[in-house]
Amino acid sequence: MRPALRDVAADVFLELEAVDHDWRDRLLFFLFRKLELLTPNIVVIGATPQTQRLISGLLASREANVIGIFDDRAERSPTHVLGVPVLGRIDDLISHRLIPYIDSIVIGVGPEARTRVTQMAEQLSVLPNDIYVIDEGAH
């Protein structure tokens, strides 16, 4: 069944050649994501040890692309975590140009920050992206 879906996607691409490129690219990206032909893109909140373990696992498994990290503690955060850039604060994520291309937002903070996790999730709820929390304290 997959080859037929790929053929359909290719036909759609050819039909869209005359359409505005930005609109066409967004539509194709959406279509290919829905057909599971692309690896999911995620961003992570928090430049923490939990985030480092997540990125390390995803680099090994290639299950998702970690596009960037957002951390409100910019003055204490590194510029990169295992090669993934820290792109700004949570407020920067809300208006970031990458939002249409992000499948999920992962909050990667420690169990000591549970109150802050609730605040972050509320702050991010304005976005259409799925939000997940790494809860290493649940083991």
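Two strands count as paired if DSSP finds at least two bridges between them. In this predicted model, strand S3 meets that condition with strand S4 (residues 84-88), because 2 bridges join them. The two strands run antiparallel. Within this pairing, His80 stands opposite Pro85 in S4.

Six strands form an open sheet in the order S3-S4-S2-S1-S5-S6. The pairing in this sheet is mixed. Strand S3 (80-81) and strand S6 (130-133) stand at the edges. Each has a single partner strand, so one side of each is left without a neighbour in the sheet.

Strand S1 (residues 41-45) is mostly covered, with 5 of its 5 residues buried. Its residues point in two directions. Asn41, Val43 and Ile45 point one way from S1, while Ile42 and Val44 point the other way. Both groups are buried. Strand S1 is joined to strand S2 (residues 65-70) by 5 bridges, and these two strands run parallel. Here Val44 stands opposite Ile69 in S2.

Both of these facing residues also touch Thr51. Thr51 has its place in helix H3 (residues 49-61). Its relative accessibility is 0%, so Thr51 counts as buried. The side chain of Thr51 reaches the backbone oxygen of Gly46 at 2.4 Å. Neighbours within four places in sequence aside, Thr51 is in contact with Val44, Ile45, Gly46, Ile69 and Gly108. Val44 and Ile45 in this list are residues of S1.

Asp72 is found in the loop between S2 and S3. Two polar links of its side chain can be described. One reaches the backbone nitrogen of Ile90 at 2.9 Å. The other is a polar contact of 2.4 Å with the side chain of Arg116. With neighbours within four places in sequence left aside, Asp72 is in contact with Arg89, Ile90 and Arg116.

Conventions: Residues numbered from 1 in each chain as written. Predicted model: local features only at pLDDT ≥ 70, side-chain atom pairs only at ≥ 80, totals over all residues. Heavy atoms only, no water. Helix = DSSP H or I, 4+ residues; strand = E, 2+ residues; numbered from the N terminus. Buried < 20%, exposed > 50% of the residue type's maximum accessible area, 1.4 Å probe, protein only. Polar contact = N/O pair within 3.5 Å; in protein donor to acceptor, adjacent residues only side chain to side chain. Contact = heavy atoms within 4.5 Å.
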